[in-house]
Amino acid sequence: MSALPQPSADALTQSARLLERIEAEIETAGGWIPFSRYMELALYAPGLGYYSGGARKFGPGGDFITAPELTPLFGQALAAQVEQVMCASEAEVIEVGAGTGLLAADLLLELEHRGRAPERYGILELSGELRARQFDTLAAKAPHLAGRVHWLDALPDTFCGVVVANEVLDVMPVHLIVSRADGLFERGVAMAQDDAGVRRLCWADTPAQGAVAEAAGALALPAPQQGEYVTELNLAGGAWVSAWAQSLVRGAMILIDYGYPRAEYYLPSRASGTLLCYYRHHAHGDPFLWPGLNDITAFVDFTAVAEAGFAAGLDVQGYTTQAQFLFNCGVLDCLARRGPQESADYIRAARAVQRLTTPQEMGELFKVLALSRGIDTPLLGFARGDRLHTL
């Protein structure tokens, strides 16, 4: 951990306050909490968690860069798919977890360019700090459209239109599953005393029970080759999709994230799971380091997400790589609008598109899944190519 930049004194104080809260909850729970609860507190504890504590997260000055931070071409291409769904449902959009608001601004401006600006653009965002940043971004980049934007505290009772969720599923709290020769366990968090007498967070396993044991048992995990096989189970993601299915009367959900179908997720070679932490553009594997200051993520099992949607009555409209989706949605046409190919602006934009679409960057790792209700027309983002990626 010596290679990581050191947090400020104020940040460390905030992290210490969150750690105290986590320790108190562990004690109240009898000495153990599931990792999903730890992850929920570390990311979302009011005023202290990573996404609710006010620290800068996105862009060069934060901990990671998302596709909308790279280039507006991402939102411009996505707008083609959003437009098609709006035409088949209603002219409304809800973006879940809108980050800095850049994607919202890019979508609104491109849809306006296409003559299809939505009547209402909702942002489902629980972080007050991020809401403020989104408001400022929209006021600066699309002031004449900002009046169409409203913020939501919860899912609507009913909705017709398009739901967009870019890098949302990967930060939902996951359960950690451990398969060993002596059975199936859930890995959680406890407290232990180190050699210096200091109490610290530590891993602790308990036999898997209830819904966790049932879901993990159905996965047919590979046999442990070196003692144990560790992986993640995102029950929250399935429940979230099911909740949206209750609200979606007509329209589609466009889910973009990094992940795999189940056949690739639970490979014998992936015996340590996919859990990762990010701090100041450094990836590391210690979720107990500076709670509240690190992003904690896990790759998405897209088969599980699709199954949850289908079980809740949604149609699986398409699944493909981000690269193929963007090509189908006309990202190269959007790039061509940037002007002469020798111009500095075009070259910068082309490099961003390359990062979004090449297999070595985000093109293959990121996938796009569409779940719909009442949409009969095939979606253009999945119209051509890439028949190798199936759920």
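This is a predicted model: local features need pLDDT of at least 70, side-chain atom pairs count only at pLDDT 80 or more; totals for chains, interfaces and linings use all residues.
Local features were taken at pLDDT of at least 70 and side-chain atom pairs at pLDDT 80 or more, whereas totals for chains, interfaces and linings use all residues. Residues are numbered from 1 along each chain as its sequence is written, and side-chain values use heavy atoms, with hydrogens and water left out.

Strand β7 spans residues 183-193, where helices (H or I, at least four residues) and strands (E, at least two) are DSSP runs numbered from the N terminus. Pairing of two strands requires that DSSP finds at least two bridges between them. On this basis β7 is joined to strand β8 (residues 199-207) by 9 bridges in the antiparallel sense.

Gly-183, which is located in β7, is partly exposed at 28% relative accessibility; buried denotes under 20% relative accessible area, exposed over 50%, and partly exposed the range in between (1.4 Å probe, protein chains only). The C-alpha atoms of Gly-183 and Pro-207 are 7.6 Å apart in space, although the two residues are separated by 24 residues in sequence.

A separate description applies to the open sheet of 3 strands, which has the order β12-β11-β13 and antiparallel pairing. Its edge strands are β12 (282-284) and β13, each of which pairs on one side only. Neighbouring strands of the sheet are turned by 30 degrees against each other on average, direction ignored; axes are lines fitted to C-alpha atoms, for helices over the stretch in contact, and angles run from 0 to 180 degrees between N-to-C directions. Strand β11 (residues 276-279) and β12 are antiparallel and joined by 3 bridges, with Tyr-278 opposite Ala-283 in β12.

The search of the whole structure returned 16 aromatic pairs. Rings of Phe, Tyr and Trp (its six-membered ring) were paired if their centres lie within 6.5 Å, with planes under 30 degrees apart counted as stacked, over 60 as edge-to-face and the rest as tilted. Phe-135 and Trp-151 have ring centres 6.3 Å apart and planes at 40 degrees, so this pair is tilted. Because Phe-135 lies in helix α6 (residues 128-141) and Trp-151 in strand β4 (residues 149-152), the pair ties together parts that are 16 residues apart in sequence. Phe-135 is exposed, at 52% relative accessible area, whereas Trp-151 is partly exposed, at 23%.

An edge-to-face pair is formed by Tyr-258 and Phe-299, with a centre-to-centre distance of 4.9 Å and 65 degrees between the planes. Tyr-258 lies in strand β10 (residues 248-260) and Phe-299 in the loop between β13 (295-297) and β14 (300-301), so parts 41 residues apart in sequence are tied together. Both partners are buried: Tyr-258 has a relative accessible area of 7% and Phe-299 one of 14%. These two residues belong to one aromatic cluster together with Tyr-260, Tyr-265, Tyr-266 and Phe-366.

Tyr-260 is also involved in a charge-ring arrangement, with Arg-270 over its face at 4.1 Å from the ring centre; the criterion is NZ of Lys or CZ of Arg within 6 Å of the ring centre and within 35 degrees of the ring normal. Likewise, Arg-180 lies over the face of Phe-185 at 4.1 Å from the ring centre.

In helix α4 (residues 73-88), Glu-83 is buried at 15% relative accessible area. Beyond residues up to four places away in sequence, Glu-83 touches Leu-111, Arg-114 and Arg-116, contact being heavy atoms within 4.5 Å.

The search for disulfides, defined as pairs of cysteine sulfur atoms within 2.5 Å, found 0 in the whole structure. The sulfur of Cys-202 is 16 Å from the closest cysteine sulfur, that of Cys-277, and therefore too far for a bond. For Cys-329, the closest cysteine sulfur is in Cys-334 at 9.0 Å, likewise too far for a bond. Cys-329 is buried, with a relative accessible area of 5%.
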